[in-house]
Amino acid sequence: MKRLLHPALEISRLEMPRLGLPAFRLRILVRSVFVLLALATVALSVVVLKDEKERAWQAYQHGFVRSQAEVMARLRHPSGQLALLNASHLGQGVTPLAPLLLPYAAIDFDDPQKSQQAVEMAGCSVQYPDGASVCAAIGNNPYAGGFIYLVGSFYAGELTPRERGALVPAEAHRARISLDMRGTTYRWVAPYEAMPAQGSTAVRGRLTGFVDNGTSQLDARARPVRDFRGWLWQSGQCRDLPPPSASPPSGEATTTPDCLRRTHYSIRLPVELFREALFRKDERLVWPPEDLGQMRVRVEMLAPGEATKPLFDSDAPGAQLAASLGDLSRSLLPGERVQIRKLGSDEASAITLKGLDVQAEPSAPWLLRLIRWLPLEAAGVGPAAATPAAPTALDILDTPTGNYVVNFTGHLRGVEQGLAAVATRLSWYLGAMLGAIALAWLVVEVGLIRRVTALTRRAAAVSYNVQPGHTGPRLGDLDVSDLRGSDELGILAGGLADLLQRVKDDLQREQLRAQQERDMWHAVGHEIMSPLQSLMALNGPQDPGHRYVQRMQQAIHVLYGTASPAEALQAADVPEGRLDLDAFLRNVADNAHFAGILDVVYDLGPSHPGPVIVRADEFALEDVVTHILRNADRYRPTSSPITLTLAASESTASATLHNQGSTIAEDLLERIFELGVSDPGSPTPLGEGEHRGQGLFVAKTYMAKMGGTINARNTEGGVAFVLTFQRLG
């Protein structure tokens, strides 16, 4: 049957006229509209991105000024000046304590409120996990603050004072202080001495300082250190208070055993080396001392008893760092940098603070390049420029120890990266819009323009070819069925296609009838050839009938030459019957040589089942087995046997035909039973002509009509075909 070509291929057989530009006017107009729409969308996105860049630049300028003001405000605050004055050694560790230089001349240590307020404003306290704190510092004026101040607090129970004149400090609450300075260690012990109450529940007293001689008892002639001053104040409320409604009446102290109260202390340590430096004439006074960061102070608050654990120890683990310049970095925008340098000093001694690293979200590199390319026209930038210079600012900081120059430098790269990250997310929406435009164009192109173009070209080709003087293909080569649809163009194309199809159907119907007749004759001829092969073997060349059988075989060859017998075989009827499969296989093995197939052996085996009745037709099954034996005969080595075996179960029986020789390719094991599938390298005995891949197809068709199956499998050194039947009693 003639294969119908695709409409595009059909129309290519016609001569195509040359169409002018007006014929494509609609296509050009629609495509131009879509191109302009896509360009306008991209241009709008670029303009919006440029505006966002200008707004981001202006916002960054405002943020830069704001962070500059915040940093300067913190530097002018006592805590900021404390961090600046002690920047050289604040980052060396928390414990053991090193005295800090205060932004004040001195601390009013005799007043608990003033001393505590001064420490809190300066931010010099070191905090401990149990809530205790301590600040070790010196004043910025050597004449007023040439001492080491220790101000802090801890929690303790009811304080036990020292009796006046007592020589055993361990009998009372006491402070033990040590100072390592320039290779010398100074130690003091200061027992608590109570003072009269002043009408409240709070307890106050003096810490009287003595030189610690390393023993548990003071010398009888020991006198308090002259310039050692210390005070101790204890709150009247416990650490964990009950709700206000359940608190005791005013004026009554809580005396439970587990009542821990905040105890505030303020101590001034005399340092003889400081005093000596004040009155030394041969050297210029240097303040603060250059080795201030190498000094070490330890403060211990002890309860009564010799071996008691300290209530507070400044060397205890878990202490948090005091205020440092690093805290100022939190006020900076990402990427910004601040350089602080004392007037008159070189660049090497400058302190540099940096904001957080720019942690921009992932962005497309091409978007980042596009943002850098977009010009800025914001105020303060000057002429339009793609990448303006980073903003800078300069300020002067006045401190008690001198003036400092503070230089601020901005970082625009973070603005660009942040904008690129946002643009990357929005680019998905731009891509979706462009995708929608492309989809709309595709729908119009495929659903309308392409169909109109195809119909126009085919109609023009037919009109051109039916003109006088053209003898090529005519109306029969025009096919517009692929343009059918429910719209106007589809209805028009459908009507034209129906008219053309009526003409083509008549031609195809005639071709099918002729083809079916050829297939029927081919099927009949193929089935007659098998018994004729047996007759040729029974009537040898010397037999008078050999010539007539040969003539009949030649006539049958004429009947099946080119077509497939599939329809003829499918229409054939195979009668149901009962067959002894054991006797049938024995008969096949005994008479196969009459058909020209030698060395066919029926292997009974040790477990021979005896008579096996199956559902099969003797003549159809003989045809099936003959086809398989001929295939096996072609592939087996010369003089090797073809073995028949029988196996049976309660419901089925199977016959296996095995031959030695080459195996079947794995990709052909299932396909060899299809019509027309044949091994191109198979041997062809003399006189059989070309193999058409038909014998195994016939065998499978007959087995299916008898309710059985046929399968092939490769074995070691050969091939086995298995025929499976339904067993009948």
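C124 is buried, at a relative accessible area of 2%. The cut-off for buried is under 20%, so C124 qualifies. C135 is buried as well, also with a relative accessible area of 2%. The model is predicted.

**Disulfides**

A search of the whole structure turns up 2 disulfides. C124 pairs with C135 in one of them. C238 and C259 form a disulfide too.

| Pair | Sulfur-sulfur distance | Torsion about S-S |
|---|---|---|
| C124 and C135 | 1.9 Å | about -110 degrees |
| C238 and C259 | 1.9 Å | -105 degrees |

The torsion of C124 and C135 is about -110 degrees, so this disulfide is left-handed. C124 sits in the loop between α4 (112-122) and β2 (126-127), while C135 belongs to strand β3 (residues 133-138). The two cysteines are 11 residues apart.

The link of C238 and C259 is left-handed. Both C238 and C259 lie in the loop between β9 (229-234) and β10 (261-270), so the pair ties together parts 21 residues apart in sequence. C238 and C259 are both buried.

Number the bonded cysteines in sequence order, and the pairing reads 1-2, 3-4.

**Nonpolar cores**

In soluble globular proteins, nonpolar side chains tend to be buried together. Here, the largest nonpolar core has 56 residues. Which of its members touch the most others? They are L150, Y265, I267 and F312. Helix α2 (residues 25-76) gives the most to this core, with 6 residues.

Take I267. Leaving aside neighbours within four places in sequence, its contacts include I148, L150, I177, F228 and M301.

A second, separate core has 45 residues. Among them are F584, L585, V625 and V719.

Key. Residues numbered from 1 in each chain as written. Predicted model: local features only at pLDDT ≥ 70, side-chain atom pairs only at ≥ 80, totals over all residues. Heavy atoms only, no water. Core = buried A, V, L, I, M, F, W, Y, C linked by side-chain atoms within 4.5 Å. Buried < 20%, exposed > 50% of the residue type's maximum accessible area, 1.4 Å probe, protein only. Helix = DSSP H or I, 4+ residues; strand = E, 2+ residues; numbered from the N terminus. Contact = heavy atoms within 4.5 Å. Disulfide = S-S within 2.5 Å.
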